[in-house]
Amino acid sequence: MKEVFSFLAAGILAAFGFLALFLSISVIFDLFDFRSQEGNYVLFIGWINFISSLFYLFATYGFIESKKWTANLMGISSVMIILVFLGLLFHINSGCIHENKVIGVMTFRIIVSIVLTIFAHYSINEYSKLESHKAQ
């Protein structure tokens, strides 16, 4: 049963990672005229989405292979996103332009990242500890 949830988490993370990678690259490098469609985008949000999408893709491998570093990688990504979200709030409070939808998108990304971090911790790290105790 653990493997089913790990593969499900890996699938969600892979889809989320590839989507974030495609969208962030499209906005940063203005592919397919995405930049004009995004309106008042905030460039540092695009870059953190790009970096975190790479972390998500590496973590996908970690979920599939039950690597102990998966939770740490997801945790680092979650912290990065939270810090950048705080930077976004400062950016907004400074009167800089932005799209209101980015607040909801970043909130969703934070929630997904934290949930997957917790899941990775308990499904991989705690399961590994339990298995090592059984082996002794």
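## Exercises on helices, burial and a pocket

Helix H4 is followed by Gly-95, a residue whose phi is positive, near 90°. Helices here are DSSP runs of H or I with at least four residues, numbered from the N terminus. The structure is a predicted model, in which local features need pLDDT of at least 70 and side-chain atom pairs count only at pLDDT 80 or more, while totals for chains, interfaces and linings use all residues. Residues are numbered from 1 along each chain as its sequence is written, and side-chain values use heavy atoms, with hydrogens and water left out.

**Exercise 1.** Decide whether His-91 is buried or exposed, and find which residues away from it in sequence it touches.

*Solution.* Begin with the place of His-91, which is in helix H4, residues 69-93. Next take the cut-offs: with a 1.4 Å probe and protein chains only, buried means under 20% relative accessible area, exposed means over 50%, and partly exposed lies in between. His-91 has 18% relative accessibility, so this histidine counts as buried. Finally, using contact in the sense of heavy atoms within 4.5 Å, and leaving aside neighbours within four places in sequence, His-91 is in contact with Val-42, Phe-44, Cys-96 and Ile-97.

**Exercise 2.** List the buried residues of H3, and look at what surrounds Ser-52.

*Solution.* The buried residues in H3 are Ile-45, Gly-46, Ile-48, Asn-49, Phe-50, Ser-52, Ser-53, Tyr-56, Ala-59, Thr-60, Gly-62 and Phe-63. Beyond its neighbours within four places in sequence, Ser-52 is in contact with Ser-77, Ile-81 and Arg-109.

**Exercise 3.** Find what kind of pair Tyr-61 and Trp-69 make.

*Solution.* Rings of Phe, Tyr and Trp (its six-membered ring) pair if their centres lie within 6.5 Å, and planes under 30 degrees apart count as stacked, over 60 as edge-to-face and the rest as tilted. By this rule the structure holds six aromatic pairs. The ring centres of Tyr-61 and Trp-69 are 6.3 Å apart and their planes lie at 25°, so the pair is stacked. Tyr-61, at 45% relative accessibility, counts as partly exposed, and so does Trp-69, at 37%. Elsewhere, Phe-16, Tyr-56 and Phe-108 form one aromatic cluster.

**Exercise 4.** Describe the volume of the largest pocket and the make-up of its lining.

*Solution.* On a 1 Å grid over the protein atoms alone, a pocket is an open set of points where a 1.4 Å probe fits, with protein on both sides within 12 Å along at least five of seven lines, and lining residues have an atom within 4 Å of a point. Points are joined across faces, edges and corners, and the volume is the space filled by probe spheres set on them. The largest pocket holds about 490 Å³. Of its 20 lining residues, Leu-23, Glu-38, Asn-49, Val-102 and Val-105 are the closest to its centre. Helices H1 (2-28), H3 (43-65) and H5 (101-135) each supply at least two residues of the lining. With Ala, Val, Leu, Ile, Met, Phe, Trp, Tyr, Cys and Pro counted as nonpolar, Asp, Glu, Lys and Arg as charged, and the others, Gly among them, as polar, the lining divides into 12 nonpolar, four polar and four charged residues.
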